[in-house]
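Below is a short report on selected local features of one protein model. Please look at the chain before reading on.

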Amino acid sequence: MGPAPAGAQHRAAVGDPEVMELALEDTCQEGKKEYSKKCTLVGSPVESLLQPVKLSQTELYKEPTNEELNRLRETESLFHSSLLRLQVEELLKEVRLSEKKKERIDAFLREVNQRVLKVPSTPKTQLTDQTWLPAGVRVPLHQVPYTVKGSFCFLPPAQVTVVGSYLLGTCVRPDINVDMAVTMPKELLQDKDGLNQRYFRKRALYLAQLAHHLGQDPFFGSVRFSYTNGCHLKPSLLLRPHGKDERLVTVRLHPCPPPDFFRPCRLLPSKNNVRSAWYRGQSPPGDGSPEPPTPHYNTWVLQDMALESHVQLLSTVLGSALGLKDGVALLKVWLRQRELDKGLGGFSGFLVSMLVAFLVSTRKIHTTMSGYQVLRSVLQFLATTDLTVNGISLCLSSDPSLPALADFHQAFSVVFLDSSGCLNLCADVTASTYHQVQHEARLSMALLDSRADDGFQFLLMTPKPMIRAFDHVLHLHPLSRLQAACHRLKLWPELQDLGGDYVSAALGSLTTLLEQGLGSRLHLLAHSRPPVLEWDISQDPPKHRDSGTLTLGLLLRPEGLTSVLELGPEANQPEAADFRQFWGFRSELRRFQDGAIREAVVWEAASMAQKRLIPHQVVTHLLALHADIPDTCVHYVGGLLDALIQSPKEASNTKGHMVVSQSGELVMVPNVEAILEDFAILGEGLVQAVEARSERWTV
């Protein structure tokens with residue numbers, strides 16, 4: 001190898017930052033003499049550029065430093081390419097908090113802590129006597145039924161601590177939320193407060209007193225109520241700064257009991273803590289049948305007790321491992337782009353943080369891994385592990401008094417136990433949501449394994465709402481119809497467990513019903529989660545029907561989609577009665593060519609476009625038959641391109657004309673104007689079809 005040509009040296013000098021820095025240093029050292037010489041060269045546009053620096057052969061072929069070699073090795077072993085590493089690093093810079101903002105947030109948190117501790121006490125009254133509440137604040141809880149035993153008095157909190165992702169350094173922009181646990185004093189609570197929503201009533205009254213006094217403080221620009229992860233029994237208080245920092249941060253106050261106040265053995269998933277006689281106003285049956293268990297109710301109490309222990313666990317695992325924190329941040333971005341982390345039952349950032357802790361404990365993730373490796377490992381685990389069948393646990397105890405994983409599978413759809421062995425972290429996650437997470441994880445792993453140049457863009461930068469992810473989408477509106485569905489499906493135990501939330505109570509039964517009806521036509525069914533609402537402290541909390549619309553997405557299989565026949569069992573088999581009960585008047589006996597007489601359902605579909613919309617007939621029939629939801633409440637979106645395919649508009653027939661090439665062969669030259677005209681007709685028809693169907697199904 002010899003020295004580079006003069007032209008190459010010139011190009012390197014202009015483009016290479018290191019060479020430019022050397023040139024600038026030499027220029028500065030020359031002083032006024034060099035400066036005057038440069039001024040005389042301004043007349044020539046070529047000579048006015050930075051001149052190449054003459055480097056010795058030793059400097060030109062200098063060996064890379066140890067730091068540069070280590071970075072090259074890391075890129076080769078931890079990333080697919082240097083481009084992917086640069087993209088990941090730039091994304092992490094964008095979502096991380098700057099040090100200046102952290103300082104401002106820390107100052108705001110100190111002020112919040114001081115003001116919360118100074119809220120005055122109130123006299124002791126019965127829970128049903130709420131006359132002491134000021135006129136400008138409402139209790140952020142639906143108190144149904146209103147009558148409940150117990151007394152309440154507000155006392156300053158025993159402790160106010162920061163919990164959650166901000167303390168761990170894994171929170172991501174743009175929405176910065178800081179969770180603060182407000183520990184209520186022991187004198188406020190009683191031993192049997194775990195029964196019949198007494199604890200949740202006291203928790204709501206505690207928040208109302210905090211909201212009244214903090215709302216009068218000019219230090220806060222906004223004081224509002226919200227629901228913790230969409231749970232209607234667990235409101236929280238949102239505090240935002242005043243003035244220009246109003247969008248800087250949102251502090252969420254979560255009242256919680258003292259550690260170990262409630263006995264965990266009373267809050268196992270098989271226990272009942274909401275009595276039927278109190279909730280339904282009915283006396284228990286005299287046949288000695290047990291009360292129905294309340295696993296979700298018990299879990300929500302345990303969640304408040306475990307706030308600090310979970311933060312301590314994550315702090316121990318993540319610690320100073322920057323790669324683990326980067327991986328958690330990337331996973332949060334991945335979930336947010338797919339809208340999987342919001343609302344009641346969402347796969348939240350807290351869940352993926354605990355999942356990373358689990359994989360570290362099982363040595364599937366090492367603390368020295370990069371953020372990209374952590375992302376791949378978690379996605380691979382999600383894609384290959386079905387927590388609806390085989391749950392996992394962080395508990396290392398062999399205590400025989402603790403319930404087994406099988407006990408949790410009987411009560412919950414998805415099972416992931418914390419280190420105590422009593423709390424299911426995925427208690428609110430439905431099977432449909434987890435299967436959607438699994439599906440997205442499989443697609444993401446295939447994208448990463450393909451090493452496509454635009455893989456990063458599709459994986460972490462492109463939003464993927466439900467309307468983009470599914471073939472057909474249906475909206476159920478108004479949500480008040482789900483209350484009648486709960487009565488029709490006899491979901492009294494679920495309503496008792498969920499505190500009257502008929503949307504969540506009916507969701508599992510509806511998805512199971514549709515999955516059974518669509519059968520082999522369906523690849524994946526997913527549902528939206530009710531959004532987390534906010535409201536003013538002077539207003540009543542929003543009702544369940546105020547969540548808007550319940551959206552269901554259908555990802556269909558091409559095989560069997562257009563079949564008009566649902567073949568049932570033979571008439572003399574015992575399964576025939578179940579088939580008739582499931583399909584109702586649609587089921588009828590039919591004789592087939594092989595001589596068999598079977599139960600069958602035949603759908604009306606003359607054209608291929610109508611056959612592709614058979615899922616619409618299935619959905620509306622089953623919802624009306626089993627859930628008392630009429631077809632007027634089902635707004636189905638599918639087959640939007642059928643109107644375009646059947647469009648009567650004629651495209652241009654002029655494809656091109658023949659010419660003789662230089663070699664004497666006939667060659668067709670395309671008619672560019674005709675092609676552009678065809679595309680214009682196609683675009684116009686597509687817009688008209690989408691607009692027409694959108695107006696028809698506007699919710």
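The report covers a pocket, a histidine, a helix and some backbone details.

## Basis

This is a predicted model, in which local features need pLDDT of at least 70 and side-chain atom pairs count only at pLDDT 80 or more, while totals for chains, interfaces and linings use all residues. Residues are numbered from 1 along each chain as its sequence is written, and side-chain values use heavy atoms, with hydrogens and water left out.

## The second largest pocket

The second largest pocket holds about 860 Å³ of space. Of its 40 lining residues, the closest to the centre are His-296, Ala-411, Phe-412, Ser-413 and Glu-494. A pocket here is an open set of points on a 1 Å grid over the protein atoms alone, where a 1.4 Å probe fits, with protein on both sides within 12 Å along at least five of seven lines; lining residues have an atom within 4 Å of a point. Points are joined across faces, edges and corners, and the volume is the space filled by probe spheres set on them.

Helices α11 (295-305), α16 (405-411), α17 (431-450), α21 (492-497) and α22 (502-518) each supply at least two lining residues. α22 gives the most, with 8. Helices (H or I, at least four residues) and strands (E, at least two) are DSSP runs numbered from the N terminus. By class, the lining has 18 nonpolar, 16 polar and 6 charged residues. Nonpolar covers Ala, Val, Leu, Ile, Met, Phe, Trp, Tyr, Cys and Pro; charged covers Asp, Glu, Lys and Arg; the others, Gly among them, are polar.

## His-527

His-527 sits in strand β11 (residues 522-527). His-527 counts as buried because its relative accessibility is 3%. Buried means under 20% relative accessible area, exposed over 50%, and partly exposed in between (1.4 Å probe, protein chains only).

The His-527 side chain makes polar contacts with two threonine side chains: Thr-430 at 2.7 Å and Thr-433 at 3.4 Å. A polar contact is a pair of N or O atoms within 3.5 Å; within protein, one must be able to donate a hydrogen and the other to accept it, and residues adjacent in sequence count only if both atoms are side-chain atoms. Beyond neighbours within four places in sequence, the contacts of His-527 (heavy atoms within 4.5 Å) include Ser-432, Met-466, Leu-507, Thr-511, Thr-551 and Leu-552.

## Helix α13

Helix α13 (residues 322-337) has 16 residues, and 13 of them are buried, so the helix is largely enclosed by the rest of the structure. After α13 comes Glu-339, with a positive phi near 55°.

## Backbone exceptions

Most residues other than glycine have a negative phi, and most peptide bonds are trans. A cis bond joins Val-144 and Pro-145, with omega about -5°. Pro-145 lies in the loop between β1 (125-126) and β2 (151-152). The bond from Arg-173 to Pro-174 is also cis, with omega near 10°. Pro-174 lies in the loop between α8 (165-168) and β4 (177-183).

Gln-197 has a positive phi, near 65°. Its loop runs between β4 and α9 (198-215). Gln-197 is buried, at 1% relative accessible area. Arg-363 has a positive phi of about 65°. Arg-363 is in the loop between α14 (349-361) and α15 (371-384), and at 78% relative accessibility it is exposed.
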